[in-house]
Amino acid sequence: MALKNIPYKYETVHLLEGAQHSEEYLKINPMHQVPALKVIDNGDQTHILTQSLAIIEYLEENYPENPVFPQDAILRAKSRAIAETISGGIQPLQNLETLVEYGEPLGLGRLSQEDRKKVAQFWIKRKLESLEKLVKSTAGKYCVGNDVTIADVCLVPQMFNARRFEIDTSKYPTLKEIDDRLQDHEMIKASHPSACPVEK
């Protein structure tokens, strides 16, 4: 939304405090997850959209300024593949629900803080090794060529999470170089966690 200059109202959902499990939030997203985007259409009807990639596609189709999908069909497919790799292949393995409640359905109890960190580190390192190879074959200035694509939009939060779990991102030089470059992008500055409003 920052990339496309779309005005929006930001509302916090404090995951560590369990706000995603509240009755009020479950009416918005029954999956107990973020993000959720409330859209009011021209007929004043409200729609709730969930899942990051679906939201990004909706925004792309309705706000074509600063597109995140390349015009070229091959580059578009490659950028989608990288985004899907991150969104479907890495992110679920490190999210709070997986790490905190990992053993509960199996009767093993909740993981300790240290064990959560080990599980996250294991999967992030393993998956970033594969992602490094994938992106190395498509990279220019950014993940796919020289324009910001949906791949970059997904890469930044993944690299942020890698650092949060104390992973040495220099072991993934292509990803790190792209991420470092993106940190100077106005889109990233505007949407960085440190820039997001905090609920008082």
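**Loops, a helix and a core in a predicted model**

Histidine 32 sits in the loop that runs between α1 and β1; helices (H or I, at least four residues) and strands (E, at least two) are DSSP runs, numbered from the N terminus. This is a predicted model, in which local features need pLDDT of at least 70 and side-chain atom pairs count only at pLDDT 80 or more, while totals for chains, interfaces and linings use all residues. Residues are numbered from 1 along each chain as its sequence is written, and side-chain values use heavy atoms, with hydrogens and water left out.

Histidine 32 is not a glycine, yet it has a positive phi of about 60 degrees. Its relative accessible area is 30%, which makes histidine 32 partly exposed; buried means under 20% relative accessible area, exposed over 50%, and partly exposed in between (1.4 Å probe, protein chains only). Glutamate 166 belongs to the loop between α7 and α8 and is exposed, at 58% relative accessible area.

On to helix α3. With 17 residues, α3 reaches 23 Å from its first C-alpha to its last, close to the 24 Å expected at 1.5 Å a residue (the expected span is 1.5 Å times one less than the number of residues). Ser79, Ile82, Ala83 and Ile86 are the buried residues of α3. They lie on the same side of α3 because they cover an arc of only 95 degrees around the axis, the arc being that of the directions from the helix axis to the C-beta atoms. What covers them includes α2, α4 (91–94), α6 and α7. The face turned away from this buried side of α3 carries the exposed residues Ile74 and Gly88. At the N-terminal end, α3 is capped by aspartate 72, which has a side-chain oxygen 3.1 Å from the backbone nitrogen of isoleucine 74.

Serine 87 is also part of α3, and is partly exposed at 28% relative accessible area. Leaving aside neighbours within four places in sequence, serine 87 is in contact (heavy atoms within 4.5 Å) with Leu53 and Pro92.

Then there is the interior. A nonpolar core is a set of buried Ala, Val, Leu, Ile, Met, Phe, Trp, Tyr and Cys residues joined through side-chain atoms within 4.5 Å. The largest one has 34 residues, and those with the most contacts inside it are Ile82, Leu128, Leu131, Cys143, Ile150, Leu155 and Leu175. At least two residues of this core come from each of α2 (52–62), α3 (73–89), α6 (113–136), α7 (150–164), α8 (173–182) and α9 (186–191). Helix α7 gives the largest share, seven residues. Apart from this core lies another, of five residues, among them Ile6, Leu37, Val39 and Leu59. As for leucine 155, its contacts beyond four places in sequence are Ile86, Leu131, Cys143, Leu175, Ile178 and Asp179.

Key
Polar contact = N/O pair within 3.5 Å; in protein donor to acceptor, adjacent residues only side chain to side chain.
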